[in-house]
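Take each task on your own before you read its solution.

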Amino acid sequence: MSDPVFRGGLAGAKAIDGSISVSAIDDRGMIDLRGDIKDKKFVAATKKVLGISLPAQPRQSVNKGEVTALWLSPDQWLITCPRAKGAHLANGLQTALAGIHSLAVDVSDARSIIRLEGQGAKEVLMKGAPVDLLASEYTDGYVRRLRFAELAAMIHVVSSDPEIIDLYVFRSYAQYAWDWLAATSTKQSRLSLFANQSIASV
Amino acid sequence: MTGKPYRLPDDSGAGRLLDRSKPLSFTFDGKKMTGYAGDTLASAVMANGRRVMGRSFKYHRPRGLITMGSEEPNALVGVGTGSRREPNLRATQVELFDGMTSVSQNRWPSLDFDVGIINNHMSRLFPSGFYYKTFMWPKTFWHKVYEPVIRNAAGLGVAPDGVDPDSYEQVHVHCDVLVVGGGVAGLAAAQAAAANGKRVMICDETPRLGGIADISNELIDGKSQLDWVREQAASLTAADNVHVMTRATVIGHYHHNYLMIFERLTDHNPALAAAGAPRHRLWKVRAGKVILASGASERTMTFANNDRPGVMLSSAARTLVERYGVAPGLMGLIFANNDDAYITALSLKRSGVGIARIVDVRENPQSEIITAAQDAGIETMFGHAVAGVETSAGGKQIDAVKIAPYVKGRGRVVNEITVPADFIAVSGGWNPVAHLWCHNGGKLQWDDTLACFKPKSHDDDIAIVGSANGTMDLAGCLKEGYAAGEKAGGKARLKKPRVVVRKQAPVEPMWFSPATGKYNEGNKHFIDLQNDVTAADLELAQREGYESVEHTKRYTTLGMATDQGKNSNVPGMGIIAEATGKAVPEVGTTTFRPPYTPFSFGAIAGTQRGKLFHVIRRTAVYDWHTSQTSVMEPVGDWRRPYCYPQGGESQQDAINREILNVRNNVGILDASTLGKIEIKGPDAGEFLNRMYTNMFAGLKTGKCRYGLMMNEMGFLMDDGVTAKLADDHYLMHTTSGGADRIAAWLEEWLQTEWYDLKVYVTPVTEQWSQFAIAGPNARKVLEKLGSDIDLSHEALPFMAMATGDIAGFPVRLFRISFSGELSFEVATPANYGQDLWDKILEAGKEFGIAPYGTEALHVLRAEKGFIVVGDETDGTVTPHDVGMSWAVSKKKPDYIGKRSLEQAFLTEPGRKQLVGLATTDPNEVLPDGAPAVESGKLTGHVTSSYWSPTLKRSIAMALVKNGSERMGEKISFPLADKVIEAEIVDPVFYDKEGARQNV
Amino acid sequence: MLEIKCPVCGVVGEEGDFHGGGQAHITRPATDNPANISDEAQRDYLFMRHNPKGLHFERWRCDRGCGKWFHAARDTVTNEFKAYYSIRELPPVELMKAATGSWAEYFKDKMVTK
């Protein structure tokens, strides 16, 4: 039989060109990794397989080459890599972590990723997320799990200048999140905060 | 008044907001009118010689505008047409645009002639509490007679037709300091707060900053207040750390400085809405500190027929002249108890509006501004009060004002004089706008000097400055503003402006001016204009024993209209105080609750409308399902296919066909919504032992076991099959609805109680598409697809699982069955789900495969007597109750719910147990939830009930008292139109030995 | 809408991003010996809660953040959070001293300053 046909959670979603640009990322592999960061064996084994040290600080990420480790919790990370390498990397982790209390699961299909690009990406997210996205820590590499459009979601600030933010949502919610972004990122609803305001009437 | 020249000429200096080069046309009650850019609807209507803008709620008396802004009780209008018609807007806030259609409210058939005015003449029939007193009897009259009549006569505007064409949104913003109110005090606070780089927001409900600076007469740094405001507004909007908002009302203050701001983006300019801009935006703001500079609102003084069109607040008259170039009338009388009204007098005089005189209740007030008014030739009359008005044209036109000597507490006077005038500008002093202060528990205290409630204390990090704080002088407003700003933003090196302090004569509170005549004989003293509550109503309520102000409010409806008593609360309490001989603070304070002003449902809904109304979860096969069936069933947030009708098939026929196809051939079900949780660690087995009622320790790798989960109270909360993937590694299945809850439940126990257990838990529901392939031909379908897994019964028996490859797809394969048939559940990563589904259907074609929906699934399981947690259980049902004592371990030392299950009340006889029901008439299907009644007592209820096409009869399950001991007995279920009889039977209706799934 | 800080990951967020877990410092009797627990003790464990006006000890989960449970002490009148501390810890001694009802009983012999 032919190879399985891949169909992501946002298959058929056409990129949106509004106040910012919104597009779907389908080709990313993801591994949910749990373990004790104080366990030297766990740290060493993961570093050997991933080529990076897991971030220990909350809401940080570490990237090298194709692999990025996003902090989820004091004992949980989301490892991202090119999709083609996801299963291989997950197997590598499971093998290297044998006998070490940990859990590494390939969850490449569990989430959909929506990329927001352009000045105003944060303002679009602020229409759905009750967090202070204008705070100074939201800079390159910052990760935060949050509630977006009433959904469990996570953002990863890929770059703050130019503004690129990846929004992670669970696959079953992807279309809803997409429709939400389409509704709130229209050119007419652009939101300009603090700077760039025109002079108020008196 | 029609046709008279109420628009003041350009060269009068009046009307600073008007752009007279831009005339606008609009309609009011169908009549074509013109105004200018800069007008409000109220000012434009007034300029067209129209003073009556609505009729009152109860008595349908003609009413004109009273105030200058959002506190307006009278001039309520509907604006727009069709689906864009919005009722109950305050005309004083509505910014005029070209082509506006507006209508007055509470009048029928027209504003000039209103049938409801009869209520005015019958007002002795409408005393306090008239609803309670009049419409109580006979009871049967309420629905058919009283309610429809009241609903027709009462009510405010007309709701829009059709779907709202506009869009709305919300936004969450954090700031260090939020300044509420853009007047002088607010601007000073924002400047100081922002000076050190703090993130500052300042907002004002009007279209512009400045508050009443433009209608004030004092100077700041030798400049007009307006010029000073212009400078501040420019520098604040230019600052990168300041966000300035206008047309933005802070409508609520909640815990920990959480506030909601209602911003109107397009109401003043429909072209923006037509282009697709959001109409309203609701801001949810978390502020480190809040500075309230919400100003003060002027209050009226009560005299006979003080509601007649033409009686307005002094500030409203001044605003009409100064901002909109509209004369409130030809000859005005000013009625005051404080100095502010003298600014109005001077303003009117300067603009060429006639002033009959100033009537001041104070005996001998002395101040600069009073002298200035006298010097300008304005006649003053001290120690007097307005006692009433003489009107014509059915109360729509004021002809003269009655004035009587006034001595506080002296009561009715007779020696009055009459002065011709056609409008009255009243100033009874100013009340701090402290609503937001009170929303989240701020306290008020009575101030005798100002005769108002002013802020006292607050638990939140919130400051209140300027007139909102009872500081009524300019110098004080600036000082408090800067001080609060510095406290919030850090010591700022700002050059503070200089203000020449002018001494004012103190205000003298005056609540009630007695009339020469009797109450209710053409002499109504209105307190609450919007709800038509009079001084007589309040006094009646006191006589009838409504001593508490809260009771009086509810009995008379004082302060309960859409303006929430902004104008009426303090005068109302003043009247009650006088009537009861108490001081105002003894009468009580009022509680202000959000919202500060009404706001739109659109803003509340925000983005969540239409397809975004509620979250919808979609499986990987969702698009295929919706292409095959329109019958989707909500299961939690998921949408699952209920059944797949073919051709002209009915839903019931489709369900029957799908069931029989599973029993006879093979069916496929999208079971992806089932919860899936990976559980791993050296203590994973022990952990499962504690979470489930039954044993998991002995489970072998590659095998599955059904588990029951109780809460700590011993009641069933979930169930599902757990597979052992490796020595220390399990995969738990939960119910579809329970997936998130159970994952959190496991985490909670691991983190808070059994943190010594070495176990990690990760939910993986979303990772997998999972399909049940069920029926005698199930194995043949998989064999045709090809697999590296040995699919034989010997290698992969019932309740076994394997990992491998099917048709090139990576899969987990489970021999589990919820239908009682030979069944495989196959899971593949979700992004391959649709393709695997397609390939299974293709391969299964020759074996008669057909998809089945959730209803077939439910019937199939009910035929087998399998429970559904949530159908057979309701949060008070134990494993013993549903006949699953076999799954309750006696050996395990501890598991969740174990101790509770042994509590006396859960073990005593007489509990309900799960049974099957066979109706005496096999064609009769019991309704879900039908009650069993025996000897007049409720002894059970139906938990699931279906037509079984397999058995060609109805089947049902029920919880019945002592049911397990009553096999073969008949019980009856009385319904609305008949009684259904059924025999208590074993809940397993089909294949009791379980042979069919074990092949 | 309260604003809450998670002591585990340090995130500050809206109440809606957290999950309230009710009264804190309730001992689960059955964990040690389910057979020896009286019906009354089990009832009290399941249903009896202390609901004072003032200092309240409670459990929260950083639901949309790190997912960890923690303890908080909050004044139910002012809504001020007096302390956040680990799910495995006792509150600061001065708060234990101010505790009322069943908490006072529970903390009585635990106020050991390190």
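Buried area is the accessible area, taken with a 1.4 Å probe, that two parts lose on being put together, summed over both. Keep in mind that this model is predicted.

**Exercise 1. Describe the interface between chain B and chain A.**

Step 1: start with the area. About 5,500 Å² is buried between chain B and chain A, and carbon and sulfur atoms give 58% of this. On the side of chain B, the residues that lose the most area to chain A are B:His172, B:Tyr760 and B:Asn831, together 15% of what that side buries.

Step 2: turn to the residues in contact. Here 74 residues of chain B meet 61 residues of chain A.

Step 3: Five salt bridges are counted between the two chains. A:Arg7 and B:Asp623 form a salt bridge, with their closest N and O atoms 3.2 Å apart.

Step 4: ask what chain B brings.

**Exercise 2. Find which strands stand at the edges of the five-stranded open sheet in chain B.**

Step 1: write down the order, β2-β1-β7-β5-β6, with mixed pairing.

Step 2: read off the ends. β2 (31-37) and β6 (86-90) of chain B each have a single partner strand, so one side of each lacks a neighbour in the sheet.

Step 3: check one pairing. Strand β5 (residues 76-79) of chain B runs antiparallel to β6(B) over three bridges, and B:Val79 stands opposite B:Glu86 in β6(B).

Note on methods. Residues numbered from 1 in each chain as written. Chains lettered and ligands numbered in written order. Predicted model: local features only at pLDDT ≥ 70, side-chain atom pairs only at ≥ 80, totals over all residues. Heavy atoms only, no water. Contact = heavy atoms within 4.5 Å. Salt bridge = Lys/Arg side-chain N within 4 Å of Asp/Glu carboxyl O. Pairing = 2+ DSSP bridges. Helix = DSSP H or I, 4+ residues; strand = E, 2+ residues; numbered from the N terminus.
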